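The following note sets out numbered points to be read beside the structure. Please follow each point on the model as you read.

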Number of protein chains: 2
Amino acid sequence: MNLLNSLNFSAGPGALPESVLLQAQQAIIEVPDVGLSILGISHRTDWFESVVAELENNIRTLLELADNYHILFLQGGTTQQFSMIPMTLLRGKTSPAEYLHTGYWSDKAITEAKREGPVREIWSGKSGGYRRLPADDELRFAPDAPYLHYISNETVEGLQFHRVLGRDDVPRVCDMSSDFLSQPCEANRFSLIYAHAQKNIGPAGVTVVLIRDELLQGTPTDLPGFLDYRNHVQAHSNYNTPPVFAIYVVLLITRWLLTEIGGLANMAAINRNKAELMYRLLDNSNDFYRGRVQPQDRSLMNVTFNLSCPEKENRFLAEAQAAGFSGLAGHRSTGGVRASLYNGLTLAAVEQLTGFMEDFQRRHHQ
Amino acid sequence: MNLLNSLNFSAGPGALPESVLLQAQQAIIEVPDVGLSILGISHRTDWFESVVAELENNIRTLLELADNYHILFLQGGTTQQFSMIPMTLLRGKTSPAEYLHTGYWSDKAITEAKREGPVREIWSGKSGGYRRLPADDELRFAPDAPYLHYISNETVEGLQFHRVLGRDDVPRVCDMSSDFLSQPCEANRFSLIYAHAQKNIGPAGVTVVLIRDELLQGTPTDLPGFLDYRNHVQAHSNYNTPPVFAIYVVLLITRWLLTEIGGLANMAAINRNKAELMYRLLDNSNDFYRGRVQPQDRSLMNVTFNLSCPEKENRFLAEAQAAGFSGLAGHRSTGGVRASLYNGLTLAAVEQLTGFMEDFQRRHHQ
């Protein structure tokens, strides 16, 4: 297998499991039992209908999701969802939707929501450089908010909520782009969950939306057709030509989660082990590697840290690249180092990285 | 090579050239000179920037496109463009945009445009079952229309304009989804051209938009970010995570057009030969195969025809499928037979199909 793929710590599009890549590769020439290239199969075939049906079913199984949720596969990424959600749930409302402002992506979600209706930021980490998440006693949730929106894992900063927020009588809307299907998530406590594929579950180009049926009842009637969730529900994600290949790869990932990994509890255990390995190294490095965020809010997906100065960081990144590790540079808004440990990245790869980091520290500890 | 792929007459996603499929397959494991799977490469890498730059340049070369056009690679398909165009060019206008209503897809474009502003259908083929296109003397173009919109090739019905319509002083907006890069198209006479990839130039999941810079100057300021062309222009199609793999395959197709085919004039000659082979057979079949549309409006891309009765059509489709031809069933709105002859389909494949059709006629001519 390709060594570089196995050491791909990119924040997204991120590493995918080897067995899935091999099946995707095969499908480019010939989808098993169909005989055609996946790039040339019509989205109106029985085969593609069965792909969508199996994928919906796999996600329902993995999350133990109730039947009153629709599962959609859309284009446009989370950016499109940042708009579709307030178009659907906030237009014409007088009481504000509640948004948590916990990082770079929250900021973007809030900007788009404000175009559509009233928004209240119930907490912001912006002035503190997004280095922590709020504690429960810092949050007051209004009972009359149309919905609460937050991001479960802030990819850029490496912050992750390790609990479900909000009130049971206000719809919870959550961007789980960077931790979806990385662990169980109490999905039935949310009214809408969305996640683009390119972190844990597939390539760029498709976004999964889980939406409780009752949430669609107040949809404005004048939305452009492709921005109306009801059209996608009715058409089973085939309202207009869907990204067939990307959806197929997500199906392969869910099969891998169900059969090779054995479900989300197992996936969570693996992901926890990977993250613990990294954070233990940071904590034992005598401040050589400095975690960016408050320990109790650390992400299991994106481990962000700094070295003592930018020169040392650059040297670290260059040596890591030369040693075969890729994708470790921090987001352009924060700098530093970020190791993304998505589902497709193995524990062995993390062990190689921590080995490299220990060695680097030995050589540069002065 | 896979035999079924070579006989794929699907209307879209459609057949792609064998050499492109082989390169796409390789990239799933390892992109040459990068070493990583294309499904796990960040869209913020220098490599992806160079992919977009080369692809823009290739399209500019193939179409001899002037420098004042932006070239964008977006998600959402033509369906999203049906809305983005009137959002950008029609909101708040009092004089109507002019739309030609020439088929199934025109109908959808008009429905979405009407949500955004005034629309005048300057010709409709609906009552006649979309079996012909208008002649020049049936069309009057207003000088004060914000723009003229038409579809160069109606995929469902098999109708194609073989001339450029409209006035030089009114922006021409054209959906070229099913004939883009199948032939030269006088691109510089249009203000906006759009085309999803899944006919002639790639897999489903990406849409090409060519837009003249001056057209963006009146863009409303309150559009959701992802529906504002200016954001995509500014970010070089990297406003939010683009569909990396689909864009890469479109790059491979443009390389194939430039080097293996030798440009759009050559591609057009091949496509014309393929279509002529089909239409000659229909015309010489003594009404056994009956073309759906008026001869002068016949599409070079989608050859639509009927047999004398549905039973015979079903038998034809079943025998064709059994003989290895796929994707020949007509659109669900029209029935009948449709052979799509996109760039990726070879002349040899069409010769095999016409051979099969002659044989079928011999066996069923009574």
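1. The contact between the two chains. In this predicted model, chain A brings 59 residues to the contact and chain B brings 58 residues. The area buried between chain A and chain B is about 4,300 Å². Carbon and sulfur atoms give 59% of that area. On the side of chain A, the residues that lose the most area to chain B are A:Ile29, A:Leu39 and A:Phe226. Together these three residues make up 14% of what that side buries.

2. How many salt bridges does the rule find across the interface of chain A and chain B? The number is zero.

3. Which helices of chain A take part. Five helices of chain A each supply at least two residues of the side that touches chain B: helix H1 (3–6), helix H2 (18–29), helix H4 (77–89), helix H5 (104–116) and helix H7 (244–261). The largest share of this side comes from H2(A), which gives seven residues. Sorted by class, the side of chain A that touches chain B holds 26 nonpolar, 26 polar and seven charged residues.

4. The symmetry of the pair. Two copies of a chain are related by a rotation about an axis and a shift along it. Here, chain A is superposed on chain B by a rotation of 180° with 0.0 Å of shift along its axis, and the RMSD is 0.0 Å. The two copies are therefore related as by a two-fold rotation axis. Within chain A, the C-alpha nearest the axis belongs to A:Gln25, at 2.6 Å from it. The copies meet through the same surface, because 98% of the interface residues of chain A are also interface residues in chain B.

5. The two domains of chain A. Chain A is divided into domain 1 (19–260) and domain 2 (263–363). The C-alpha centres of domain 1 and domain 2 of chain A are 27 Å apart. To the contact between these domains, domain 1 of chain A contributes 28 residues and domain 2 of chain A contributes 24 residues. About 2,200 Å² is buried between domain 1 and domain 2 of chain A, and carbon and sulfur atoms give 51% of this area.

6. The links between those domains. Between domain 1 and domain 2 of chain A the count of salt bridges is zero, while 17 residue pairs are in polar contact, both residues being at pLDDT 80 or more. On the side of domain 1 of chain A that touches domain 2 of chain A, helix H3 (46–63), strand E5 (153–154), strand E6 (159–160) and H7 each supply at least two residues. H7(A) gives the most to that side, with three residues. By class, this side of domain 1 of chain A has twelve nonpolar, ten polar and six charged residues.

7. Backbone features to inspect. Which peptide bond of chain A is cis, with omega near -15°? The bond is that from A:Gly12 to A:Pro13. A:Pro13 is found in the loop between H1 and H2 of chain A. In chain B, a cis peptide bond joins B:Gly12 and B:Pro13, where omega is about -10°. B:Pro13 has its place in the loop between helix H1 (3–6) and helix H2 (18–29) of chain B. A further residue to check is A:Tyr130, which has a positive phi of about 55° although it is not a glycine. A:Tyr130 lies in the loop between strand E3 (119–124) and strand E4 (148–151) of chain A.

8. Salt bridges. Over all chains, the structure holds 36 salt bridges. One of them is formed by the side chains of A:Arg91 and A:Glu116, at 2.7 Å from N to O. This pair links distant parts of the chain, its residues being 25 residues apart. A:Arg91 is in the loop between H4 and strand E2 (97–101) of chain A, and A:Glu116 is in helix H5 of chain A.

Methods. Residues are numbered from 1 along each chain as its sequence is written. Chains are lettered from A and ligands numbered from 1 in the order in which they are written. This is a predicted model: local features need pLDDT of at least 70, side-chain atom pairs count only at pLDDT 80 or more; totals for chains, interfaces and linings use all residues. Side-chain values use heavy atoms; hydrogens and water are left out. Contact means heavy atoms within 4.5 Å. Buried area is the accessible area (1.4 Å probe) that two parts lose on being put together, summed over both. A salt bridge is a side-chain nitrogen of Lys or Arg within 4 Å of a carboxyl oxygen of Asp or Glu. Helices (H or I, at least four residues) and strands (E, at least two) are DSSP runs, numbered from the N terminus. Ala, Val, Leu, Ile, Met, Phe, Trp, Tyr, Cys and Pro count as nonpolar, Asp, Glu, Lys and Arg as charged, and the others, Gly among them, as polar. Domain bounds come from an automatic or database domain assignment. A polar contact is a pair of N or O atoms within 3.5 Å; within protein, one must be able to donate a hydrogen and the other to accept it, and residues adjacent in sequence count only if both atoms are side-chain atoms. Copies are superposed by least squares on the C-alpha atoms of residues with pLDDT of at least 70 in both.
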